[in-house]
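Have the structure open while you read.

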Amino acid sequence: MAATTRTNWAGNVTYRASRLERPTSVAALQQLVAATPRLTALGSTHSFNEIADTDAVQVTLADLPPLLEIDADRRVVRVAAGMTHAQVAAGLEARGWALANLASLPHISVAGAVATGTHGSGVRNPSLAQAVVGLEVVRASGDLVSVDASTPDGALDAHRVALGAVGIVTTVELAIEPTFQVATTVHLDLPWDAVTEQFDAVVSDAYSVSLFTSFDDRGARQVWTKHRVVEPAPSVDLVALGARRADGPVHPGENDAASVTEQGGVPGPWSERLPHFRSTFEPSTGAEIQAEYLVPASSAVPALEALRPLEPVFAPLLIAAEVRTIAADTAWLAPSSGRQSVGLHFTFRRDAAAVADAVERIEEVLAPFDPRPHWGKVSAASVERLHEAYPRLDDFSALARDVDPIGRFRNAFLARLLS
Ligand SMILES: Cc1cc2nc3c(=O)[nH]c(=O)nc-3n(C[C@H](O)[C@H](O)[C@H](O)COP(=O)(O)OP(=O)(O)OC[C@H]3O[C@@H](n4cnc5c(N)ncnc54)[C@H](O)[C@@H]3O)c2cc1C
């Protein structure tokens, strides 16, 4: 495809790639890789930084045939890596199966979500990458190789969150379970005292819980409780703690509530409740910039208290901050690797300079809590800081050098990060 001005979903990154290739088969992708000096996989363009950009060639798998093969005995689904979670979720639900969790937006590609350690919420739910039990990847040579739990040297954990550095993933095998029903209930304005004193109880009270805040006096201005209906009902009385139950659908930011998945405690399939936003709703370009930091779960309350004085910085810029929980991952580079985590997420208006300032302030304030920036969102962290935050980065660099000695998959983001 000829170069045209192309951007990421949010419109804050204009891709520098000279062209975008769209192979229609794995064989064509293998030939393309072998014949192209440098190229970077592009998923559904939902990252907010340059991780998916390159000054060489981008390649999308969006034109590869869809694939959804269920192995009921192994409880695994094999999917084409370029499919979106919305496509996979709809296909699984139609056949009576489910993934354990989803991100807020279902339009994100499976490979892109896995590559950056994307997560949903839930004290028992690790990142979406942890559901990967195997994958097939086109190496720099053009060879297609399989990686699973039997591959030596913890290769699967290295490949789960791989930032596009070790090859182009063509298929992913994901753990599945029988379909389940979820009911979302929203409460408004949970006071700060309740947030800080009852934090663990509130976030553990249902399968997936999200708190939204502006860091102002309203405390958690929305608490989304996603309850798996066969499990015991939530027992924390948020009304007794000072919140009130929402009397109609609410959007976590400023958009039309028609785009959010059903609330009001109405049970529905996991695929239509675990994402915050409806798969049938086509989000336009975002006009927003996101940042997110995962801190150890034990630091959640002190980290929130440390952020509150930044409210005047946030007031003109912040659309919504979301607080979620993520169980520990085994993936080397997952932001929740090896530790039960809390994600502190910020959706800002698309004012890149103001967001850069705010992000620096956030990172100063969070520094004592060992924050790990989300790989797909903006951050001011130095390479040294990222190596402190991600202790397996050197091991990952060595693997990337080993499987891609000529740097075919290196873009500027990876060249800065990896030795
Ligand atoms: C509205 C919105 C909501 C979001 N919600 C959440 C959320 O709930 N939780 C969360 O954690 N994050 C969230 N994110 C962040 C998002 O999940 C990540 O940025 C994710 O990586 C985007 O996936 P993508 O397919 O768009 O990948 P891209 O941004 O296109 O690429 C990201 C990375 O994946 C690599 N990649 C893509 N395809 C392949 C492939 N086939 N093989 C190898 N590498 C590949 C790219 O090279 C790049 O390194 C959200 C983003 C947006 C815009």
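Contact here means heavy atoms within 4.5 Å. Helices (H or I, at least four residues) and strands (E, at least two) are DSSP runs, numbered from the N terminus. What you're looking at is a predicted model, where local features need pLDDT of at least 70, side-chain atom pairs count only at pLDDT 80 or more, and totals for chains, interfaces and linings use all residues. Residues are numbered from 1 along each chain as its sequence is written, and side-chain values use heavy atoms, with hydrogens and water left out.

Let's start with the sheet. It is open, with 5 strands in the order E4-E5-E9-E7-E8 and antiparallel pairing; two strands pair if DSSP finds at least two bridges between them. Strand E4 (68-71) and strand E8 (144-148) sit at the edges with a single partner strand each, so one side of each has no neighbour in the sheet. From one strand to the next, the twist averages 15°. E4 and strand E5 (residues 76-80) run antiparallel and are joined by 4 bridges, and Glu69 stands opposite Arg78 in E5.

Angles run from 0 to 180 degrees between N-to-C directions, with axes being lines fitted to C-alpha atoms, for helices over the stretch in contact.

| Helix | Strands touched | Angle between directions |
|---|---|---|
| H1 (residues 26-35) | E7 (132-138), E8 and E9 (168-175) | about 135° with E9 |
| H2 (residues 85-94) | E4 and E5 | about 45° with E4 |

Now for H1 itself. Leu29, Leu32 and Val33 are buried in H1, where buried means under 20% relative accessible area and exposed over 50%, with partly exposed in between (1.4 Å probe, protein chains only). Looking down the axis of H1, you'll find its buried residues within an arc of 100°, so they line one face of the helix; that arc is taken from the directions from the helix axis to the C-beta atoms. On the face of H1 turned away from its buried side are the exposed residues Gln31 and Ala35. The cover over the buried residues of H1 includes strand E1 (19-21), strand E2 (39-42), strand E3 (57-60), E7 and E9.

Finally, which residues is Ser259 in contact with, leaving aside its neighbours within four places in sequence? They are His251, His276, Phe277, Arg278 and Phe281. Ser259 is in the loop between strand E14 (244-245) and strand E15 (268-269), and counts as buried at 2% relative accessibility.
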